[in-house]
Amino acid sequence: MTDGPLIVIGASAGGLEALEALVRDLPPDLPAAVCIVLHIGDRPSAAPLILDRAGPLPASHAIDREPLRAGRIHVAPPDCHLVVEAPRCLRLLRGPRENGTRPAVDPLFRSAARACGPAVIGVVLSGALNDGTAGLAEIKRRGGVAMVQDPTDARYPGMPRSALDHVAVDHCVPAAAMGALLGRLAAERNADAAPPAASKEAPMEGMYNLNRPAALTCPDCGGALRETKVDTLPYFTCHIGHRYGADSMEEAQLHRMEQAFEVALRALNERAALCRRLAETAQGMGQALSAKRWEEAGREAHERAEVLIRFLGEEWIRPPISPVNGGAPDRF
């Protein structure tokens, strides 16, 4: 396929059932290739088999350097970004995670916009947070069509709602109405429209450049972040290429905080256990002063853990840890 429309679709939580509804009514003679990213991480996925059975078009996992084919559904395989390169071939890349996931929607959308320009139709389906918003904005910026699932129709409305809030969306419809609509839009697109020359245009949104650094570090690698904006939505990118939208950045920070608290509690647990053993050893050797010192150190670790538990809330986590005095049952 050297010309013709390209449909790119992004989905996350609740997205598989939306995809089934969408592909069910795609025309069997669809004059466009279809590329799909479903957030699956590195888990095995039967999505191509499910979509192959759900509608009239054949579906399969994309293959590196495979050409785009009209009337065929290419699905991103686990743990690989799916991107489009000129002249309209697919690449599978293990690049940095975006919005905490690989495959991610934005790399597909951005690359499709750059390779195919106004021939692209971008679709955002059910999912949490904001993956797909920046890529959909890039599709619009290069003359393509933006479509989102009606948030009231999505099991998880976060991704469609984010796109609606930050992109001039052309169509907002239920998933079940998308197949027929995409068939009509694909037929209407100008198959001969040439993609814009990347060398003569401003860099794509989301590419790393020397913007003002933010006083934040990357949740993935700890590197410094720089802030960019896609329309009204802030994005944070490190020099490696890990990239987060605002909502994804908040979730990643909370995850890192939880991990830090878990490490702190584990360290206190281990210190209390070590001090208890050393106190018992010193007591057995008749070293009363050493035993007392280790008992006090263990008690201090235990008390600090209690403070952290109270700060986090009693229901948050209850790791097993035994007090040094040995008389009371395990507290948490």
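**Reading strands, helices and cores in a predicted chain**

Biologist: In E8, what is the bridge partner of isoleucine 121?

Modeller: Valine 145 is the bridge partner of isoleucine 121 in E8. The structure is a predicted model, in which local features need pLDDT of at least 70, side-chain atom pairs count only at pLDDT 80 or more, and totals for chains, interfaces and linings use all residues. Residues are numbered from 1 along each chain as its sequence is written, and side-chain values use heavy atoms, with hydrogens and water left out.

Biologist: How many helices and strands does the secondary structure of the chain come to?

Modeller: Helices (H or I, at least four residues) and strands (E, at least two) are DSSP runs, numbered from the N terminus. In this chain there are eight helices and 13 strands.

Biologist: In what sense do E7 and E8 pair?

Modeller: Two strands pair if DSSP finds at least two bridges between them. E7 and E8 are parallel and have four bridges. E7 also runs parallel to E1, with five bridges joining them. In that pairing, isoleucine 7 stands opposite isoleucine 121 of E7.

Biologist: Which residues of E7 are buried on one side, and which on the other?

Modeller: Buried means under 20% relative accessible area, exposed over 50%, and partly exposed in between (1.4 Å probe, protein chains only). Val120, Gly122 and Val124 are buried on one side of E7, and Ile121 and Val123 on the other. Five of the five residues of E7 are buried, so the strand is largely enclosed by the rest of the structure.

Biologist: Which strands form a hairpin with three residues between them?

Modeller: E5 and E6 do, and arginine 88 in the turn has a positive phi of about 55°. E5 (residues 81–85) and E6 run antiparallel and are joined by five bridges. Valine 84 stands opposite leucine 90 in E6. E6 (residues 89–93) is mostly covered, with four of its five residues buried.

Biologist: Which residues of helix H2 are buried?

Modeller: In H2 (residues 47–54) they are Ala47, Pro48, Leu51 and Ala54. Seen down the helix axis, these buried residues fall within an arc of 130°, so they line one face of H2. Such an arc is that of the directions from the helix axis to the C-beta atoms.

Biologist: What covers the buried residues of H2?

Modeller: Here the term to know is contact, which means heavy atoms within 4.5 Å. The cover of H2 includes helix H1 (15–24) and strands E2 (33–38), E3 (59–61) and E4 (73–75).

Biologist: How many residues has the largest nonpolar core, and which have the most contacts inside it?

Modeller: In soluble globular proteins, nonpolar side chains tend to be buried together. A nonpolar core is a set of buried Ala, Val, Leu, Ile, Met, Phe, Trp, Tyr and Cys residues joined through side-chain atoms within 4.5 Å. The largest one here has 34 residues, and those with the most contacts inside it are Ile7, Ile9, Leu22, Val123 and Leu125. Among the elements that give two or more residues to this core are E1 (6–11), E7 (120–124), E8 (145–149) and H6 (178–188). Apart from it lies another core, of 31 residues, among them Val37, Ala62, Leu108 and Val167.

Biologist: Which residues is isoleucine 9 in contact with, leaving aside its neighbours within four places in sequence?

Modeller: They include Leu19, Leu22, Val34, Phe109 and Val123. For the chain as a whole, contacts between residues at least 6 apart in sequence can be sorted by separation, and 67% of them join residues at least 24 apart.

Biologist: To what number does the count of disulfides come?

Modeller: A disulfide is a pair of cysteine sulfur atoms within 2.5 Å. The count is zero. Cysteine 116 is in no disulfide, and the nearest cysteine sulfur, that of cysteine 35, is 8.5 Å away. Cysteine 116 is buried, with a relative accessible area of 1%, whereas cysteine 172 is partly exposed at 36%.

Biologist: Is glycine 298 buried or exposed?

Modeller: Glycine 298 is buried, with a relative accessible area of 0%. This glycine is found in helix H8 (residues 288–312). Glycine 298 and alanine 272 are 26 residues apart in sequence, yet 4.4 Å apart in space, C-alpha to C-alpha. Across the 332 residues of the chain, 49% count as buried.
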